[in-house]
Amino acid sequence: MPLQGVCWFLCCRQGFSLLGRDYGEKEEEESFELRNKEDLTPNGRSPAEVTVSQPTHTANGTNGHTVSEVSDEMKSLIIEKNKMGLEEEPELLVKGWLLREVRGNWIKQRRYWFVLSQDSLDYYSGPEKGARRLGTLVLTNLCSVIWPDKQTYKETGYWSITVYGRKHCYRLYTKHFNEAVHWACAIQKIIDTKAPVETPTQLLIRDIEENKFHPEVVEHIYQHNPILKYTQGPLYAPLLPFPYGSLEHTYHSGKGYGSVREEAVKLFNCLQQLESAREPVPIIQGVLQTCLDLRPLRDEVYCQLVKQTSYTPAPYTAAHLRYWQLLTCMSCTFLPGPTVLKYLRFHLKRIQSQSPESEMDNYASFISEALEKTKCRECVPSWEEIQMLMSRQEMLCTVHYPGPGSCQLYISSHTTANEVVRRMQEKLSLQESKNTFALYEQNALWEQPVAGGALIADILTSLSTKESESKSQWRLCFKLYCLLDADSISVDSIEYLLLFEQCHEMVVRGQLPACEEDLQALAALRLQCLMGDFSTHAPCPPLDELFPGHMLEARVLMSLSAPQALPPCQVAAQGCPGTQRFPSGLFAGTLWSHTATAAHKQKVEQDMRLRSRLKEEAAAVMGSILERWKGLAGYSRRDGMAAYLTIARQWSGFGCTLYEVDFYISSTGSFSQKLWLGVAATSVSLYRQGEAEALESFPYGQICSYGVSDSNTFKITAGDRDLLFETTKLTEIMQLMNAYFSAIRRQRGKGEDADITIAESTEVGFHHLASTLTPTLLELPSHPV
């Protein structure tokens, strides 16, 4: 045995155990002691051989601790200190009268003399010398203080502070706000000066890391420290240190969480339930959800799983493999911290060497690979994903593209949107396209782009949640995004079909400015492409899938708002003096009620008249479209798409993405009405909604800088002009312009556009384009719907 191993055996600390409890003793009686780093000797060993006190039953049935079971820290802070009177106190920082909340059969407040020292917060029966000490709260860096708040003052008339310790919680009250703040500041200052506290598990993890090249030493550590090994008993304290009474989780209070320490213990109980659960997926989802909500618990759960997969009595049973399945799901959802990650990797290698060619070996290999790829997830894995992970398989994902087509791809928990786009381009033979593509979350009324680095598993989970909430069908859709070169697209290619379908989406949404005749011609060509030659037996799609509905509504509203001839009685009423009013008095309420009823009846009649006119107008437009459709007999699908796109390209802004702008101001004027900001491959243009001609257009060569100037304002500097746009689509506009500028750089070569600067944050500062990262192709915005 190497010399280091012999020395270690001679100096080895006694075994740590939190689990040797008998007959369900109260949790307060279990007292493993945490150690400060400053208590360690230079070689990392404690001056005391035993660092954990474990309750045991003495001969008379009481809990007994040997002298060696109490750490030096606690001897000095509790045992010896309790023998001292007030006159023997060390350096005192703050002292004074405070009210303390005492819980018995009912809650009441009692007045005590409190003294704050460097080590503890004590309270006495009075301020006189020799007064009896009634309680002590030892202060470590895990203690926490809740500061006074107005709500408690309004309810009780007192300013309150709360001090959390390992075993005690002091709720203190005073009439004076300044006094409460003074106590809170002083206590927090003492807590901040304390050295970090380590649990036995942390110390043992460090020992294992130091001796990982000495298998016999590591084996000895495991054999003499039950805290590192599988247990069927409960856990009464976390394996890692957490602040007492921590409030970091309060923003999730609606989910019913307790303190982080309490949740850590509950999670271990959940882990143990996996062994006997008929359906483990809900438990696994619950553990993952808690770790998603309470970030500090992730390392704790990893340590608990490593513990439960070490030295298991029946390692090859289905019950034991549940721990490995949860560890697999954890490794594909969250990464542990650096220290726990090293410990986990060591554990996996150790299991693989001990149990080669076993299921545990397979899970350990899968987890090791997953840890290399995992990014922190935004959503808890879905039921389907968890089932796939439990069997170490991939999921099947359906990706649609404009039209009736779709592709099915196998994805893992680490597959990103960029990878799916590349694979879709390969399947559809679009690798040589000069245009760029993106994935979208999409339903019948709305769509949103998927960022290139987003995990598809997260997107699928969010779509499933949206479907359950909105009861509408959601899907992933692969679409053209940056139209850089429409002329090079072959008429017979799938890319031409994508362009045709997306152009039609813009037409139906009213984002292609055109006269009504052209819109009817486009609708007829759409029918010819979908249905072929006209037939009375062919099922015709609804008008809102062929023609922009807002044009019908605008025309009907305009006709209804036109002045009509008034009846003679109303003409006579118009000539009456305006000073005549309904008389007030007994019948005023009746007259008002009659007037309100009449107004409601009039509104109902107007709505009915509007619906009737809309039906009439829709029938007239549909009739015109059908007549045009009849005239297209003999057109092939290819000819129909070509004719459709020929009409659409007559608009000078064809191919641009339109964003609604609520306000626009520049050095030459301002517009407060809604406008369209069109971002295209060569320029940025401004349009009045529905008008084909641009108000202003700025080629990219004229744009000096662009960026976000505040929470809802986008700024473009073109020459000596500054243009400000108020819009909710800041991120989308920014990403799209980044994508187009990146395409320009790729075409011209890097360095030629160094005078263009891009602001990528919400601050006003701008950065040189040459120093910015080229955005991924899928971090793209959507056409607004």
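I looked up burial in the chain: 48% of the 785 residues are buried (under 20% relative accessible area, with a 1.4 Å probe and protein chains only). The model is predicted, and local features need pLDDT of at least 70, side-chain atom pairs pLDDT 80 or more, while totals for chains, interfaces and linings use all residues. Residues are numbered from 1 along each chain as its sequence is written, and side-chain values use heavy atoms, without hydrogens and water.

I noted 22 helices and 27 strands in the chain (DSSP runs, H or I of at least four residues for helices, E of at least two for strands, numbered from the N terminus).

I then checked helix H15, residues 456–470. Its 15 residues should span 21 Å at 1.5 Å a residue, and the end C-alpha atoms are 21 Å apart, which agrees; the expected span is 1.5 Å times one less than the number of residues. I listed the buried residues of H15 as Ile456, Ala457, Asp458, Ile459, Thr461, Ser462 and Leu463. They pack against several elements, including helix H14 (417–427) and strand E16 (475–480), a contact being heavy atoms within 4.5 Å. After H15 comes Lys471, with a positive phi near 55°.

I traced an open sheet of five strands, ordered E13-E12-E16-E14-E15, with mixed pairing (two strands pair if DSSP finds at least two bridges between them). E13 and strand E15 (447–449) are the edge strands, each pairing on one side only. E12 and E13 pair in the antiparallel sense over six bridges. I found Ser406 in E13 as the bridge partner of His400.

Notes. Buried means under 20% relative accessible area, exposed over 50%, partly exposed in between (1.4 Å probe, protein chains only).
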